[in-house]
Structures are given as C-alpha cells and as structure tokens.
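Please read them alongside the sequence and the structure.

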Amino acid sequence: FIFVPKDMNYSSYWHIASQAGKTQILDFSFDLKSLSIWALILNTTLLGVAAMCNDQTSIQRFFTAKSVKDAMKGYLFSIIFGTPIVVALYFIGAWIYGFFHSSYSLPQELADKHDMIFPYFVAKYLPAGVSGIVLAGIFAAGMSTISDVQHSLTSLFMVDFYERFTSQSVKGQWYVKISRFASFCWGALAICTAFYVMKLGNSIIEVTNILGGFLGA
C-alpha cells in the first residue's frame, strides 16, 4: 500500500470493515448458512483430498519428484508458502471493502459484480506504473495456470485415450500434431465455457467450489 495515494486513511477503512463483520476470522457457530470454521474445515479437507488424488495438474507435479518423500515435502512447502498469500489477500479484501464504503464510492454497475471490484480499484486508484505491474502479474499468473491445465488435459487425452486406441509405434511428428490439435480443442472448449460458467454462481470462487465439488467427487 505504499504506492497508494497518501490521503487514504487505512485505519478507518479497517474499522469500517470490522464494523461490517468482514474482519471476523473465526466463526464457531453451527448455523448452516454461515461461513463457520466447521464448514471451512470440512470444505478444505474434502476438496484438498480430491485435489491431491485426482487433479491432474497437482498429480503431474508430484510425479516429477524423485520419491514419495520428496513429493510430500513439496506438498508441505506449498502449504507453508501459500498460507501467507491467503492471509495477505484476506487483508487486502477487507481493506478494499472499507475503502469503497467510505468517501470513495463504487459504481452502481459493479455493486453486484464482486470479481470486478479489485481490477476497478487497480485501474482507477493506483498510479499508472504500479497498476501496469499489478495487471501484468495477474495476467502472468492466469497464463501459467491455463498452460498447466491445458498441458494436463492434453497429456491425459494422449496417454489414457489416444495411445490406448492406436498403435504404440505411431509416434514422431504425427503424435506431436495430434497433441497440438488436442490442446487447441481444450483451449477452445475453455473459451466457450468461460462465457457461461459465471451463470453458476456470484463469484469465481463460488463457481470454482461448485465445479470442484461436483467433478472432484
């Protein structure tokens, strides 16, 4: 936040978010409609097991390890180094909530589009150079994720389907062409799906949990 204009009152934004209940981390209530600690534990446990067992992106990363012990170390390190990022995002989200509920107003058309609030903040209130760096980082992270998924889907198709129903001796350039065509088809399917996937929920996190819970089972 050192790049944000100095006239912004960070403590007041945090106070506003706190008054709205946005800074409450642990909720031990048994209300099924609330995002309680029990629901989070159940959700992260089940989705975590599903991701480690059948998510091709995670599995292929573990397969690059020299042993099961090294794979376990990689998994533990991913949790250790990933937790500070989640905490930082939590604080940024609470701070931005207070920011747009103070003297800075949010456009009415974005009130119900939660995934567009942070990009709007970056484009509107951050300096030109800083906003460019942030957006470049977001696009880079998105591209790396997409490339991982496309590689996993293509590998899955080539090994579990194409090689099973074709001659094992058919390799070389033809094999490369088929894999490239499969990767193109997966990408085209992802683009078409992206136009309709948001109809499943109100935010990308909600949609991800819906699809992850459905397919992970």
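1. Proline 107 lies in the loop between H4 and H5, where helices (H or I, at least four residues) and strands (E, at least two) are DSSP runs numbered from the N terminus. With a relative accessible area of 18%, proline 107 is buried; buried means under 20% relative accessible area, exposed over 50%, and partly exposed in between (1.4 Å probe, protein chains only). Between proline 107 and phenylalanine 63, which are 44 residues apart along the chain, the C-alpha separation is 47 Å.

2. On provenance, this is a predicted model, in which local features need pLDDT of at least 70 and side-chain atom pairs count only at pLDDT 80 or more, while totals for chains, interfaces and linings use all residues. Residues are numbered from 1 along each chain as its sequence is written, and side-chain values use heavy atoms, with hydrogens and water left out.

3. On confidence, the protein chain has a mean pLDDT of 82, and 94% of its residues reach 70 or more; pLDDT is the predictor's confidence in each residue, from 0 to 100. Within the protein chain, helix H7 (residues 172–194) has the highest confidence, at a mean of 89, and helix H8 (residues 204–216) the lowest, at 76.

4. The largest nonpolar core has 12 residues in all: Tyr13, Trp95, Ile96, Phe99, Phe100, Tyr104, Ile117, Phe121, Val122, Tyr125, Leu126 and Val130. Two or more residues of this core come from each of helix H4 (68–100) and helix H5 (117–125). A nonpolar core is here a set of buried Ala, Val, Leu, Ile, Met, Phe, Trp, Tyr and Cys residues joined through side-chain atoms within 4.5 Å.

5. Phenylalanine 99, one of the residues of that core, is found in helix H4. Its relative accessible area is 0%, so phenylalanine 99 is buried. In space, phenylalanine 99 and alanine 17 are 8.7 Å apart, C-alpha to C-alpha, and in sequence they are 82 residues apart.

6. Lysine 73 also has its place in helix H4. Lysine 73 counts as partly exposed because its relative accessibility is 42%. Its C-alpha atom and that of alanine 128, 55 residues apart along the chain, are separated by 40 Å.

7. Helix H3 (residues 56–63) packs with helix H6 (residues 128–162) at an angle of about 85°, the axes being 9 Å apart. H3 is therefore roughly perpendicular to H6. The H3 side of the contact consists of Gln56, Thr57, Gln60 and Arg61, and the H6 side of Asp148, Val149, His151, Ser152, Ser155 and Leu156. By class, the residues of this contact are two nonpolar, six polar and two charged. Axes are lines fitted to C-alpha atoms, for helices over the stretch in contact, and angles run from 0 to 180 degrees between N-to-C directions. Angles under 35 degrees count as roughly parallel, over 145 as roughly antiparallel, 65 to 115 as roughly perpendicular and the rest as oblique. Ala, Val, Leu, Ile, Met, Phe, Trp, Tyr, Cys and Pro count as nonpolar, Asp, Glu, Lys and Arg as charged, and the others, Gly among them, as polar.

8. Serine 152, in helix H6, counts as buried because its relative accessibility is 4%. Apart from neighbours within four places in sequence, serine 152 contacts (heavy atoms within 4.5 Å) Gln56, Thr57 and Gln60.

9. Serine 179 is found in helix H7 and, at 18% relative accessibility, counts as buried. With neighbours within four places in sequence left aside, serine 179 is in contact with Thr154 and Met158.

10. Tyrosine 162 lies in helix H6 and is buried, at a relative accessible area of 14%. From tyrosine 162 to alanine 140, 22 residues apart in sequence, the C-alpha to C-alpha distance is 31 Å.
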